[in-house]
Amino acid sequence: MSGVRVCSVSEVRVDQALRVMVDGTAVAVVKDSAGEIHALGDTCTHGDISLAEGFVEDDTLECWAHGSRFELKSGRPLSLPAYEPVPVFDVTVVDDDVYVDPVPKRVDA
Ligand code: FES
């Protein structure tokens with residue numbers, strides 16, 4: 001199994017991100033409206049704010065501080081003031097366990 005076990009599937013709620021640590025990096029684990037689980041870097045690229053404390057809306061995670069919305073699949077900000085993407089990580093689900101690859105995946109521009 002590649003990746004680090006971070007939580008169980010049942011711990012990830014649709015409307016609230018879960019902050020976990022993956023090899024020393026804070027990661028926000030989010031379930032989208034279709035039930036797919038995503039993992040993004042937890043720290044907003046605009047400030048030192050935990051995105052897991054923000055709001056899951058449609059397929060985005062919104063920073064509570066100034067409202068930038070990051071796309072779950074790509075980590076790209078869809079609105080200012082953040083303009084740099086957060087990293088995204090591969091997620092594997094095996095039975096009830098969620099694994100996150102500690103190496104960020106490449107997202108094509
Ligand atoms: S700290 Fe996240 S948008 Fe400003």
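**Strands, hairpins and cores**

User: How many bridges are there between E2 and E3, and do they pair in the parallel or antiparallel sense?
Analyst: E2 and E3 pair over five bridges, in the antiparallel sense. Strands here are DSSP runs of E with at least two residues, numbered from the N terminus (helices are H or I runs of at least four). Two strands pair if DSSP finds at least two bridges between them. One thing to keep in mind: this is a predicted model, so local features need pLDDT of at least 70, side-chain atom pairs count only at pLDDT 80 or more, and totals for chains, interfaces and linings use all residues. Residues are numbered from 1 along each chain as its sequence is written, and side-chain values use heavy atoms, with hydrogens and water left out.

User: What's the pLDDT average for the chain?
Analyst: The mean is 94, and 97% of the residues score at least 70. pLDDT is the predictor's confidence in each residue, from 0 to 100. Confidence is lowest in E5, with a mean of 93, and highest in E7, at 98.

User: Back to E2 and E3. Which residue stands opposite Leu 18?
Analyst: That's Val 29, in E3. The hairpin of these two strands has two residues between them, and Asp 23 takes a positive phi near 50 degrees there.

User: Is Asp 23 buried or exposed?
Analyst: Asp 23 counts as exposed because its relative accessibility is 58%. Buried means under 20% relative accessible area, exposed means over 50%, and partly exposed is in between (1.4 Å probe, protein chains only). Asp 95 has a positive phi too, about 55 degrees, although it is not a glycine. Asp 95 sits in the loop between E8 and strand E9 (97-104), and at 73% relative accessibility it also counts as exposed.

User: How many residues of E3 are buried?
Analyst: Six of its seven, so E3 is largely enclosed by the rest of the structure. E3 also joins strand E4 (residues 37-41) through five bridges, and those two run antiparallel. Ala 28 is opposite Leu 40 in E4. In the E3 and E4 hairpin, which has five residues between the strands, Gly 35 has a positive phi near 95 degrees.

User: New topic: which strands form the open sheet, and in what order?
Analyst: Three strands make it, in the order E5-E6-E7, with antiparallel pairing. E5 (55-57) and E7 (69-71) are the edge strands, each pairing on one side only. The twist averages 30 degrees from one strand to the next; axes are lines fitted to C-alpha atoms (for helices, over the stretch in contact), and angles run from 0 to 180 degrees between N-to-C directions. E5 meets E6 (residues 60-62) over three bridges, with Glu 62 in E6 as the bridge partner of Phe 55.

User: How many residues are in the largest nonpolar core?
Analyst: It has 16, and among those touching the most other members are Ala 17, Val 30, Leu 61 and Phe 70. A nonpolar core is a set of buried Ala, Val, Leu, Ile, Met, Phe, Trp, Tyr and Cys residues joined through side-chain atoms within 4.5 Å. Leaving aside neighbours within four places in sequence, Leu 61 is in contact with residues including Ala 28, Leu 51 and Leu 72; contact means heavy atoms within 4.5 Å. A second, separate core has 13 residues, including Val 6 and Ala 39.

User: Last one: where's the cis peptide bond?
Analyst: It joins Leu 80 and Pro 81, with omega about 10 degrees. Pro 81 lies in the loop between E7 and strand E8 (88-94).
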